[in-house]
Amino acid sequence: MAISDDHIQGNSMAALAEEFGTPLFVYDADVLEDTYRRLRGILPADVDVFYSLKANPNVSVCALLNSFGAGAEVSSYAELVTTLRAGVAPGDIIFLGPGKDERELVACVEAGIHAIVCESLDELDLLDSLLEAADRDEFPVILRVNPSFGSKGSGLAMGGKPRQFGIDEAELRDSKHRLAALRRIRVKGVHAYMGTRFLNHTDLVHNTRQILATAEDLAGALGFPLETVDFGGGLGVAYFDNEEDLDLTALGTGLADVLAAFAGRNPRCRMIMELGRFLTAMAGTYVVRARYVKNSMGESFVVADGGTNHHMAAVGVGSFVKRNFPVRHLGGRAAGALRPYSVTGPLCTPNDVIAKKVPLPEVRPGDLLAVERSGAYGPTASPGLFLSHGFPAEVMVHGGRAHLIRARDTTEDLLAKQHLVDFRAASG
């Protein structure tokens, strides 16, 4: 679903760059909807899709996905507020993360979300004491387990190893008496997230089967009703050469029997699949403008107005070998002869390279380049304050119309939160 030309819903990229400036993130609402609908179409009706805001926390992105039917998985106070402002019903929100503070826990209780996903026994004790101090009724929690088994096929494993996430399965199995001592907490389910960037459907089916079996076993061993199971997601997107996108049809076929069997044994259990990258990556394009084109020791460089300060994900974080996201030349020379360019940003570090020796038609100063599949982990995972450039504008094209959904940071925005000490007066 890469954008095949220089237009999004009839809007030229050049016109968008002229109106909103560059660097710029552009999101295609039609692609967001198509991605969600295709996923929804291969899942059983009794599986809920929750959007993980960490991938792209823009309130309009969240609101659009929620309008299609997605719930929300949040991991900070700001993300919780974002989902509520986006119109997500509290009963369709879960809050997870290994380091929740008291304000976040209290906010979850006050909002009445579906459940807090607790990631340590101490967190359970803290929440229980907060509820008791406030004389609140029982509040539902889901236990995040770090399973004893490892994941298959993950680009970044999140379970089955020593991790800050969740409670080790062995420790959880020994905690029955400690759970029983909680006075204001109602344990209602299990959460496990095995990793991200899965591109093989058989690995996802295998991991889901393992998670569901573990959830049933833990509920029986610890004596709590299994009312919710979040079996994660981690569906991958093919960014690099020699990668292929996930076969959704095969995934749906593989999951069908696993999920149906589990639902048959647990007819009142809510099943949740949470996804971030998969839902948003394909819809986004990062647009930069070439400022300079130069040659250094036989290598051609495009120095653009944006780089890793906005799109750190494009450098292949977590990869041993640098690989390129798909990059296109926007403009009339797009059909010319190709030559290798390394595309860099404006930062004073040699690491500010968003594409290494990528084949492009001739690039001249002022030309626009597009980094595709950039709707996830752009600004949210990038050092936007490096050299005080700030974060770029974000635009969503919906119904053929471009909407500014995040204003570009200005110098005054960046300085407004700083406080100048009058050292001359202080020393006088």
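# Reading salt bridges, helix packing and backbone features

Guide: Asp-409 is buried, at a relative accessible area of 17% (buried means under 20% relative accessible area, exposed over 50% and partly exposed in between, with a 1.4 Å probe and protein chains only). This is a predicted model, in which local features need pLDDT of at least 70 and side-chain atom pairs count only at pLDDT 80 or more, while totals for chains, interfaces and linings use all residues. Residues are numbered from 1 along each chain as its sequence is written, and side-chain values use heavy atoms, with hydrogens and water left out.

Visitor: Which side chain meets that of Asp-409 in a salt bridge?

Guide: Side chains of opposite charge can pair when their charged atoms come close. Here the partner of Asp-409 is Arg-406, at 3.1 Å from N to O (a salt bridge is a side-chain nitrogen of Lys or Arg within 4 Å of a carboxyl oxygen of Asp or Glu). Arg-406 counts as partly exposed, at 27% relative accessibility.

Visitor: How many salt bridges does the structure hold?

Guide: There are 23 salt bridges. In one of them, the side chains of Asp-122 and Arg-178 meet at 3.1 Å, N to O. Asp-122 lies in helix H6 (residues 121–133) and Arg-178 in helix H8 (residues 176–180), so this pair ties together parts 56 residues apart in sequence (helices, H or I of at least four residues, and strands, E of at least two, are DSSP runs numbered from the N terminus). Asp-122 counts as exposed at 55% relative accessibility, whereas Arg-178 is partly exposed at 35%.

Visitor: Where in the chain do Asp-245 and Arg-373 lie?

Guide: Their side chains form a salt bridge of 3.0 Å, N to O. This pair links distant parts of the chain, 128 residues apart: Asp-245 is in the loop between strand E13 (228–233) and helix H10 (248–265), and Arg-373 is in the loop between strand E20 (368–371) and strand E21 (393–398). Asp-245 counts as partly exposed, at 40% relative accessibility, but Arg-373 is buried, with a relative accessible area of 13%.

Visitor: At what angle do helices H5 and H6 pack?

Guide: Two packed helices are described by the angle between their axes and the distance between the axes. For H5 (residues 102–111) and H6, the angle is about 60° and the axes are 11 Å apart (axes are lines fitted to C-alpha atoms, for helices over the stretch in contact, and angles run from 0 to 180 degrees between N-to-C directions). H5 is therefore oblique to H6 (angles under 35 degrees count as roughly parallel, over 145 as roughly antiparallel, 65 to 115 as roughly perpendicular and the rest as oblique). The contact (heavy atoms within 4.5 Å) is made by Glu-102, Leu-105, Val-106 and Val-109 of H5 and Glu-123, Leu-126, Leu-127, Leu-130 and Leu-131 of H6.

Visitor: What is the angle between H2 and H10?

Guide: Helix H2 (residues 29–42) packs on H10 at about 30°, with the axes 8 Å apart. H2 is thus roughly parallel to H10. Arg-38, Leu-39 and Ile-42 of H2 meet Leu-248, Thr-249, Leu-251 and Gly-252 of H10 in this contact.

Visitor: Which peptide bond is cis?

Guide: The bond from Thr-22 to Pro-23 is cis, with omega near -5°. Pro-23 is in the loop between helix H1 (13–20) and strand E3 (24–28).

Visitor: What is the phi of Asp-135?

Guide: Asp-135 has a positive phi of about 55°, although it is not a glycine. This residue is found in the loop between H6 and strand E8 (139–146), and Asp-135 is exposed, with a relative accessible area of 58%.
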